[in-house]
Amino acid sequence: MKRSTRKVAIVAMLAIATAFASSGCSPESALDFGTAPEVTAPPADQLSRDILRDYAGKHFLLTDNDHEAHVSLADAPNSLHIVLPFWLGVNPLYPGFLRPTVGHIYVISEATLTRPLGNNEYLIRAGSKLFKSDTVFEATHTRYVDTGGILPTIVRFVGTRVITVPKDAPATGTITEKVPVLREVSLPMQVPEMEIGYAKFEVQYSK
């Protein structure tokens with residue numbers, strides 16, 4: 001790396017660190033998703049209400065944009081793309097800059113289902129490639145039958161919950177933690193066929 005390029009990179013990192021400090025955030029508090037109870041009321045804005053209605057229980061298509069999620073309805077090829085943020089961003093230097101807002105809609109990608117919790121809820125690890133957190137996933141249209149990767153899915157961040165779950169093997173005992181809760185909006189992204197390593201699921205059709 002040339003000296004001038006290195007200098008620019010250092011200055012940029014110092015600027016980010018200064019902004020991070022002045023915002024009252026720290027790498028430790030970046031993991032704090034707040035204390036908001038789980039919400040059930042619809043979003044205040046019309047666009048979000050439209051997304052919840054139009055994408056509820058439906059497969060969708062996702063472009064290969066790796067900065068933001070460009071989605072469209074799979075059964076309506078001429079439908080307009082909508083742009084949604086990825087849950088916890090895309091490899092942020094400091095996750096606190098992209099701390100999600102309760103009630104907003106996101107797309108989870110690179111998520112892994114680790115265990116069922118009962119009542120069609122699952123413990124997942126969701127986020128970017130570099131930063132993931134334990135998360136409760138409330139499935140409303142699917143039932144997962146094993147563990148593994150989760151295809152990109154449109155979700156709504158509905159609050160936080162304190163849970164106690166077993167530690168990952170080979171560790172023993174339990175861990176109690178406050179985690180974000182994501183409620184499923186869409187079905188998983190439409191793909192030609194399931195790839196190896198992804199958790200199998202069944203669609204739960206409303207009666």
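What follows is a walk through the sheet, the loops beside its strands and the nonpolar cores of a predicted model.

The sheet comes down to seven strands, running β4-β10-β11-β7-β6-β5-β9 from one side to the other. It is open, and its strand pairing is mixed. Going from one strand to the next, the twist averages 45°. At the β9 end, the neighbour is β5, which covers residues 111-118 and pairs with β9 in the antiparallel sense over three bridges. Within this stretch, Ala-111 of the pair faces Ile-150 in β9.

As a reminder, most residues other than glycine have a negative phi, and most peptide bonds are trans. Is Glu-110 buried or partly exposed? Its relative accessibility is 39%, so Glu-110 counts as partly exposed. Asn-120, another residue other than glycine, also has a positive phi, near 60°. Its place is the loop between β5 and β6 (121-127). With a relative accessible area of 25%, Asn-120 is partly exposed too. The peptide bond between Ala-169 and Pro-170 is cis, with omega at about 10°. Pro-170 is part of the loop that links β10 (153-166) to β11 (174-184).

Then there is the packing. In soluble globular proteins, nonpolar side chains tend to be buried together. Here the largest nonpolar core has 19 residues. Those with the most contacts inside this core are Trp-87, Ile-108, Tyr-122, Ile-124, Phe-137, Tyr-144 and Ile-150. Four strands, β4, β5, β6 and β10, each supply at least two residues of this core. The largest share, three residues, comes from β6. Apart from this core lies another, of 14 residues, including Phe-60, Val-71, Phe-86 and Met-189.

Tyr-122 deserves a separate look. Leaving aside residues up to four places away in sequence, Tyr-122 touches Leu-113, Arg-115, Pro-116 and Leu-117, among others. Its contacts also include Thr-135, Val-136, Phe-137 and Ala-139, along with Arg-143 and Tyr-144. Of these partners, Phe-137 and Tyr-144 are also listed with Tyr-122 among the residues with the most contacts inside the largest core. Ile-150, which stands opposite Ala-111, is in that list as well.

Conventions:
Residues are numbered from 1 along each chain as its sequence is written. This is a predicted model: local features need pLDDT of at least 70, side-chain atom pairs count only at pLDDT 80 or more; totals for chains, interfaces and linings use all residues. Side-chain values use heavy atoms; hydrogens and water are left out. Two strands pair if DSSP finds at least two bridges between them. Axes are lines fitted to C-alpha atoms, for helices over the stretch in contact, and angles run from 0 to 180 degrees between N-to-C directions. Buried means under 20% relative accessible area, exposed over 50%, partly exposed in between (1.4 Å probe, protein chains only). A nonpolar core is a set of buried Ala, Val, Leu, Ile, Met, Phe, Trp, Tyr and Cys residues joined through side-chain atoms within 4.5 Å. Contact means heavy atoms within 4.5 Å.
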